[in-house]
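This briefing sets out selected features of the structure shown below, grouped by topic.

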Amino acid sequence: MTTGKSTIIYTLTDEAPLLATYSLLPIIRTFTAQAGVDVVESDISVATRILAEFPDSLTDEQKVPDNLAALGQLTQDPSANIIKLPNISASVPQLQAAIRELQSRGYKIPDLPEDPKTDEEKAILKSYSKVLGSAVNPVLREGNSDRRAPASIKRFARKHPHSMGEWSMASRSHVAHMTHGDFYHGEKSMTLEAARDVKMELIGKSGKTTVLKSKVSLKAGEIIDSMFMSKKALCEFYETQFEDARKTGVMLSLHVKATMMKVSHPIVFGHAVKIFYKEAFAKHGALFEELGVNVNNGLVNLYEKIDTLPSTKKEEIIRDLHACHEHRPALAMVDSAKGISNLHAPNDVIVDASMPAMIRIGGKMWDANGKPQDTKAVIPESTFARIYQEVINFCKTNGNFDPTTMGTVPNVGLMAQKAEEYGSHDKTFEITEDGVANIVDLATGEVLLTQNVEQGDIWRMCQVKDAPIRDWVKLAVTRARNSGMPAVFWLDPYRPHEAELIKKVETYLKDHDTKGLDIQIMSQVRAMRYTLERVIRGLDTISVTGNILRDYLTDLFPIMELGTSAKMLSIVPLMAGGGMYETGAGGSAPKHVKQLVEENHLRWDSLGEFLALAVSLEDMGIKTGNNKAKVLAKTLDDATGKLLDNNKSPSPKTGELDNRGSHFYLAMYWAQELAAQKDDAELAAKFAPLAKHLTENEQKIADELKSVQGNAVDIGGYFLADPVKVSAVMRPSATLNKALELVKG
Ligand SMILES: NC(=O)C1=CN([C@@H]2O[C@H](COP(=O)(O)OP(=O)(O)OC[C@H]3O[C@@H](n4cnc5c(N)ncnc54)[C@H](OP(=O)(O)O)[C@@H]3O)[C@@H](O)[C@H]2O)C=CC1
Ligand SMILES: O=C(O)CCC(=O)C(=O)O
Ligand SMILES: [Mg+2]
């Protein structure tokens, strides 16, 4: 993909952010066009990514380009300027639903093969696996992560705090994680002195050698890890924890990241379902096997599969499933009204969002009666689960966080080039036979890292390259210098991978002027405690972390500090020189689509988009000498401030100002700021009529936007909504639409 110097790529994604884009993008373009900046769409929705995999199944009109691959290439271009909105990282049930929707709309794409046998089926599955789980972000994140709450947003949150639940000393909520046999336990790690090609192989007890990955090319200076999760230890852990919850009468919840960890965590999730419903699986296991039940995709898969059975058999199985509940603890619910529990689908319990939501409301989740209850939060992998227990301990002792006084915790995250666990899917395997799992040098046959594994264990290799580590250290020093905040590297010397990282961090810190800076290295739990002690004293601390903690902490702290991770500035300075601006630190908020379709109210907050656009324009202004772009950036920031001060953010309640209304106010304030500024007379003259018109018609437009709310709307699809229908729904104010035309020409 080649783009002009004055081009911003704006991604079209899924769910709430995509709906919001239909309203916001026409406004953005009205403004940027006057600075000669083109805002070009790139559709990377899950539906489009599916279609791009199967050109041969489509008619010429239906064919779509592989936009994600093109964007991936663009990240290597120093002039890249990409605004990336959150997208669905599809679980298997979501992928199946998207495929069904596309097929029903006349796209002759193949079904998702569940148990591929022929070469053709295997090839189809390979294509679909490119769309499965977190398939977008790892391709685009060719830089490390800089996520923070801008000072103006933090000030606003202090002045207008969101609600927080009460924490009690008597809370029974806690985190349960494994204490042996998990990835943390037996990890091995090394730094490569020279480049090598390696393979991953399993030497079975029977003597048979299976090559699981024939070649991974490693660069000099790269850190590699070999780690596994024991199936036996995991299942024992579940048994113990489920029984403990039952005996002590506390509710049970499960938290995984099956989207990012798309190979390992569905397996981890599936074992929980099988252990929870152990007796039903013991009785009907053979039939489930025959039916191809795969509870790695949640209980929903089992219900779907037994639907094909005669009703008496189906009812017997449902009775047996229900009977299991009698000697199991109560389960946390995702939707108690519909009876959807935590074990229903792995994409409903995504740990980075679900744990902070629980902590924010005082350590509670919802039970089957829709009542908040204390919970045993099961997060099997101990490596990072421990940070949540530390937060819980802290809240139990100190009470809930106070958004009016708490300090801020920005993050500098090691993320580039598929760093660490989040880049390990293609090197993760479920072991088929007891034996030895080796990473072997292809040229010399030398075994670099070895593990004794058993059938059912999950074995993986992680990588992190040297250049991203250097860049990460540099970014941390820069952020510490620019912000004046202390920076803490959350690194655990007892974990082999992090011990290797610490050596590099200590070396690369010497490349920088760190005089006067407070930079420390602490293990996760200590770092959390240290940071929280500062947080409650109103002090700010940069967390400098690896990829998983980047993900966890950039939901956790914003949700405590700002009420949502949507209000984060999320910059990815691309290592090749360009910039990617993610909008917020959260996801695509599926609940919001439901509300729009049922009640024509979109509560999605586009603040993340406003913040990202301002930094994207500013960067373009600086890099290309486009002064008008700089003026647009400055006035957009001021307009955003005004929008917050005047409380024009979307309300969650139908009938009140929503996403569309807040876009209107942004347009009005932005036009007013442009009309009033003195740096560019041409822009002032161009936007004065719009400012006047919108100001005069404020009430009329607000009324037009509000009057449509309350009734169900048709957007013509979920994964592939009809652009004409969505546009009509998202742009219901004729007065606003006409006003935007005033600036054209
Ligand atoms: N960068 C990316 O591309 C990311 C993608 N994802 C993907 O997003 C999907 C949903 O993930 P999930 O774990 O549910 O997390 P989300 O962050 O999407 O949603 C959790 C809750 O956060 C609140 N929220 C998030 N963003 C906004 C916003 N802009 N405005 C208002 N509220 C917001 C909403 O709360 P309320 O309903 O109370 O208003 C929402 O229900 C998944 O497919 C996941 O894989 C997840 C994270 C990042
Ligand atoms: O890509 C994904 O699936 C999620 C990304 C995410 O949660 C994050 O980066 O904060
Ligand atoms: Mg996240």
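**Ligand and metal sites, with backbone notes**

Ligand 1 is surrounded by 21 residues, of which Gly587, Ser588, Ala589, Arg603 and Asp605 are the closest. The model is a predicted one.

**Ligand 1**

- Arginine 603 places a polar side-chain atom 2.6 Å from an oxygen atom of ligand 1.
- The backbone also takes part: a polar backbone atom of serine 588 is 3.0 Å from an oxygen atom of ligand 1.
- For lysine 84, an N or O atom of the side chain is 3.3 Å from an oxygen atom of ligand 1.
- On its own, ligand 1 has 870 Å² of accessible area, and the protein covers 79% of that.
- With three residues, helix H19 (residues 590-599) gives the most to the shell around ligand 1.
- The shell around ligand 1 consists of eight nonpolar, nine polar and four charged residues.

**Ligand 2**

- The residues surrounding ligand 2 are Ser89, Ser134, Asn137, Arg141, Arg147, Lys257, Met260, Asp352, Arg550, Asp551 and Ala585.
- By class, this shell around ligand 2 holds six charged, three polar and two nonpolar residues.
- The side chain of asparagine 137 has an N or O atom 2.6 Å from an oxygen atom of ligand 2.
- For lysine 257, the distance from a side-chain N or O atom to an oxygen atom of ligand 2 is 2.9 Å.
- In arginine 550, a side-chain N or O atom is 2.9 Å from an oxygen atom of ligand 2.
- Ligand 2 taken alone exposes 300 Å², and 88% of that is buried by the protein.

**Magnesium ion (ligand 3)**

- Asp352 (OD) and Asp551 (OD) coordinate the magnesium ion (ligand 3), at 2.0 to 2.1 Å.
- Because aspartate 352 belongs to helix H13 (residues 351-360) and aspartate 551 to helix H18 (residues 547-562), the pair ties together parts that are 199 residues apart in sequence.
- Both aspartate 352 and aspartate 551 are buried.
- Asp352 and Asp551 also belong to the residues that surround ligand 2.

**Helix H7**

- Ile153, Lys154, Phe156 and Ala157 are the buried residues listed for helix H7 (residues 151-159).
- These residues are on the same side of H7, because they cover an arc of only 160 degrees around the axis.
- Ala151, Arg155 and Lys159 are exposed, on the other side of H7.
- In general, an α-helix has 3.6 residues a turn, so residues three or four places apart point the same way.

- Although glutamate 15 is not a glycine, its phi is positive, at about 45 degrees.
- Glutamate 15 is part of helix H1 (residues 15-32).
- Glutamate 15 counts as buried because its relative accessibility is 7%, with the cut-off for buried set at under 20%.
- Lysine 418, a residue other than glycine, also has a positive phi, near 60 degrees.
- Lysine 418 is found in the loop between strand S15 (411-413) and strand S16 (428-430).
- Lysine 418 has a relative accessibility of 42% and therefore counts as partly exposed.

Key: Residues numbered from 1 in each chain as written. Chains lettered and ligands numbered in written order. Predicted model: local features only at pLDDT ≥ 70, side-chain atom pairs only at ≥ 80, totals over all residues. Heavy atoms only, no water. Helix = DSSP H or I, 4+ residues; strand = E, 2+ residues; numbered from the N terminus. Buried < 20%, exposed > 50% of the residue type's maximum accessible area, 1.4 Å probe, protein only. Donors = N, O, S within 2.8 Å, 3.2 Å for Na, K, Ca; no water. Near = heavy atom within 4 Å. Polar contact = N/O pair within 3.5 Å; in protein donor to acceptor, adjacent residues only side chain to side chain. Areas by Shrake-Rupley, 256 points an atom, 1.4 Å probe, with all protein chains shown as cover. Nonpolar A, V, L, I, M, F, W, Y, C, P; charged D, E, K, R; others polar. Arc of directions from axis to C-beta.
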